[in-house]
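My entries follow the display.

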Amino acid sequence: MELLLFRTDIKSKKKVKSIKSIFNDHIDILNWSIDLEDIDNVLRIEATKSLSEQDVLDLVKAQGFYIEVLSD
């Protein structure tokens with residue numbers, strides 16, 4: 001299992017709901033959450049090793065949101 005962390009501009013429950021099906025229906029995403037209380041609106045994804053950071057970046061950007069990899 002991989003843990004992937006990203007900074008996003010997904011700042012409301014409505015925006016989270018708009019991408020929910022994309023993450024829930026993705027075969028390689030096991031669990032995900034967005035911390036709306038965090039200043040960086042952190043997207044946390046538990047995924048199989050098949051899912052890359054670039055895959056997630058492409059998915060989220062295709063929905064019109066800002067996203068970048070959150071480094072340690």
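**Strand pairing and overall form**

I looked up Leu3 and found that Leu3 stands opposite Glu46 in β3. Strand β1 (residues 2–8) and strand β3 (residues 43–47) pair in the antiparallel sense, over five bridges; I count two strands as paired if DSSP finds at least two bridges between them. I then followed β1 to strand β4 (residues 67–69), where the pairing is again antiparallel, over three bridges. There, Thr8 stands opposite Ile67 in β4.

I note that this is a predicted model, in which local features need pLDDT of at least 70, side-chain atom pairs count only at pLDDT 80 or more, and totals for chains, interfaces and linings use all residues. Residues are numbered from 1 along each chain as its sequence is written, and side-chain values use heavy atoms, with hydrogens and water left out.

I read the order of elements from the N terminus as β-α-β-β-α-β, with two helices and four strands. Helices (H or I, at least four residues) and strands (E, at least two) are DSSP runs, numbered from the N terminus.

I compared the radius of gyration with the globule rule: a compact globule of 72 residues would have a value near 11 Å, and the protein has 11 Å, which agrees. This radius is taken over C-alpha atoms, and the rule is 2.2 Å times the number of residues to the power 0.38. I recorded a C-alpha trace spanning about 30 × 30 × 20 Å along its principal axes.

Of the contacts (heavy atoms within 4.5 Å) with a separation of 6 or more, 57% join residues 24 or more positions apart.
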